[in-house]
Amino acid sequence: MNIIMETKKGVLYLVATPIGNLSDISKRALDTLARVDFIAAEDTRVTRKLLSHYEIKKKIVSYYEHSRTESGSKIIESIISGESCALVSDAGTPGISDPGEDLVKLCVAHSIEVLVIPGPCAAVAALTLSGLGATRFTFESFLPAQKKKRLSRLDTLKSENRTMVFYEAPHRLMATLADMLKAFGDRSISISRELTKIYDETLRFTLSEAIAHFAQTTPRGEFVLVVEGYTNAPQCDEELTQNAIKMAIEFKNSGATLKDAIKRAADETGYSKNELYKVMIKKYG
């Protein structure tokens, strides 16, 4: 009589890793990384540094944005065959704004057990530092790189009354801040960068103040933007109004048409183009 033994499936562990300071990893996370059969990593070089620091030797496979379809299938096959896998991102909790969420979906589809080893998350860390409302919030991850799509997304969020959390790269920070000012008006914003690292910094501004700051200070590091939600209270910002008028006049005096001067000033400051038009039409007729 032949008895067929069914292989017990392995487990996928979602292991949160430090977002900067290597000391911010839990003992449970280290134990899990040392115990699993293999590790799936967003960037194998980053993960090797972490494992080397804690003297853990383990097989690492690559699982990142452009390999997730092929690599995901292979990882699932290995887990079904009985091996356990730890999924890690470059920093923080896997599955948050990275391809890890697709691997979790695959595991769910194949009835594979998924367990989480919680730990650092840049979005939550920045939110708690912001001084803005943290009871209700929405995580929006990275905005589209293309300006038209970015403005469209922001337009859908202008009436969002929860605190909003975004990730942003340094080379797109100024464009994103300008578009936020245009879409939201001059709201409060908390900007955190390089969290838990040497140059850890959290700055609290209005959006117009943030633009002025980074016009003088080159953005460096990875940023988390925490933006105040919409309130029904009317906003009256005389300084913003005067800045918009001054800028429009400067553009006009530099040779721009009245229409172009108004549009450029509105884009730069986030001030209402229609309101600015009313002021400028009185001045220039």
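## Ground rules

Since the model is predicted, local features need pLDDT of at least 70 and side-chain atom pairs count only at pLDDT 80 or more, while totals for chains, interfaces and linings use all residues. Residues are numbered from 1 along each chain as its sequence is written, and side-chain values use heavy atoms, with hydrogens and water left out.

## The largest pocket

The largest pocket comes in at about 710 Å³. Here a pocket, on a 1 Å grid over the protein atoms alone, is an open set of points where a 1.4 Å probe fits, with protein on both sides within 12 Å along at least five of seven lines. Grid points are joined across faces, edges and corners, and the volume is the space filled by probe spheres set on the points.

Lining residues (an atom within 4 Å of a point) number 28 for this pocket, and the closest to its centre are Asp90, Ala91, Phe142, Tyr167 and Glu222. Three strands, β7 (163–168), β8 (188–193) and β10 (223–227), each put at least two residues into the lining. Strands are DSSP E runs of at least two residues and helices are H or I runs of at least four, numbered from the N terminus. By class, the lining has 12 nonpolar, seven polar and nine charged residues. Nonpolar covers Ala, Val, Leu, Ile, Met, Phe, Trp, Tyr, Cys and Pro, charged covers Asp, Glu, Lys and Arg, and the others, Gly among them, are polar.

## The second largest pocket

The second largest pocket holds about 420 Å³. It has 18 lining residues, and Ser208, Glu209, Ile211, Ala212 and Asn243 are the closest to its centre. Helices α7 (173–184), α8 (207–216), α9 (238–253) and α10 (258–269) each supply at least two of the lining residues, with α8 giving the largest share, five residues.

## Helix α8 up close

In α8, Leu207, Ala210, Ile211 and Phe214 are buried (under 20% relative accessible area; exposed is over 50%, partly exposed in between, with a 1.4 Å probe and protein chains only). Look down the axis of α8 and its buried residues fall within an arc of 100°, so they line one face of the helix. That arc is taken over the directions from the helix axis to the C-beta atoms.

What do the buried residues of α8 pack against? Their partners are α7, β8, β9 (201–206) and β10, with contact meaning heavy atoms within 4.5 Å. On the face turned away from the buried side sit the exposed residues Ala215 and Gln216.

## Salt bridges

The whole structure has 11 salt bridges, each a side-chain nitrogen of Lys or Arg within 4 Å of a carboxyl oxygen of Asp or Glu. One of them joins glutamate 70 to lysine 74, with the closest N and O atoms 3.4 Å apart. These two are four residues apart in helix α3 (residues 68–80), so about one helical turn separates them. Glutamate 70 is exposed at 55%, and lysine 74 is partly exposed at 49%.

Glutamate 160 pairs with arginine 162 at 2.8 Å, N to O; glutamate 160 is buried at 15% and arginine 162 partly exposed at 29%. Glutamate 194 and lysine 197 form another salt bridge, at 3.9 Å between the closest N and O atoms. Glutamate 194 is buried at 17%, whereas lysine 197 is partly exposed at 39%.
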